[in-house]
Amino acid sequence: MRQRKSYRQELWLDVAGEQVKILLSASVRKSIRLQVNSEGDVDIRVPVGTPKSDVLTFVRRHESWLSERREAVRERDRKRAASVTLYGRELPIMESALGEFLVTDQQVWMPLEWSQEKRDKALDKWQREEARLCFTRLIEQWWPRFTKPGRERPVLRVKRMRTRWGSLSKKGYINLNLALLSLPEDLIELVVVHELCHLEHFDHGPGFKACMTSCLPDWRARDKRINQAGLMLL
């Protein structure tokens, strides 16, 4: 690993007796970052020029943590097959003999004859529509706090994101993760306010924190809760 330019590489390593795909990215950075993505693969980012032996040592040192995170991903997938989490509540998926897809306050009804692919597409379409309604309402609720002459309200984009709950683009977009729909609404509100505060402070310095505190005095407590939720959802 003597490359001096950024690169990406796929490796397979034995982790706790299991062959695991390692997505290795080298770029201009100061430290090694390790995470498990939403598919259960290991994503490791290293400074350009890091010897392969150092990468392997780092992975071995965190083997126990990787096994725990991969098991959490498998548990999440098992739950997704049997239920849908909406605003912090689990709704069981039930088979319907009526031939229609329906989401109620208590459960999600799926036509008995539908294939898994068709079920997934119907659920994704419904979730995106519900997320857009929820996110739009919260943005509209908070926009008066951030409006000022010459500032346009950012355009909402609902996306599936691997490592972030949301982001604010300098091109005028507020990107919010579809996975937010699984969280209680006060945590969704936290992310919306977080991104809107970036209209005034594009970093996470004192000004940004003051903005968060003025909007949501309990934002730090909410932040701890959403970080815990991220271990299962992202």
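The crossing of helices H3 and H4 is right-handed, meaning that the near helix is turned clockwise from the far one, with less than a right angle as the limit. The model is predicted, so local features need pLDDT of at least 70 and side-chain atom pairs pLDDT 80 or more, while totals for chains, interfaces and linings use all residues. Residues are numbered from 1 along each chain as its sequence is written, and side-chain values use heavy atoms, without hydrogens and water.

H3 and H4 pack at about 45°, their axes 10 Å apart; axes are lines fitted to C-alpha atoms, for helices over the stretch in contact, and angles run from 0 to 180 degrees between N-to-C directions. The two helices are therefore oblique to each other, the class left after under 35 degrees (roughly parallel), over 145 (roughly antiparallel) and 65 to 115 (roughly perpendicular). Among the residues that meet are Trp142 and Phe146 in H3 and Val192 and Leu196 in H4, contact being heavy atoms within 4.5 Å.

Turning to the sheet, three strands form an open, mixed sheet in the order E9-E11-E10; strands are DSSP runs (E, at least two residues) and helices likewise (H or I, at least four), numbered from the N terminus, and pairing takes at least two DSSP bridges. Strands E9 (155–159) and E10 (166–168) are the edges. Three bridges join E10 to the antiparallel E11 (residues 173–177), where Leu168 stands opposite Ile174. Helix H3 (residues 116–146) packs on this sheet, touching E9 and E11, whereas H4 (residues 185–197) lies across E10 and E11.
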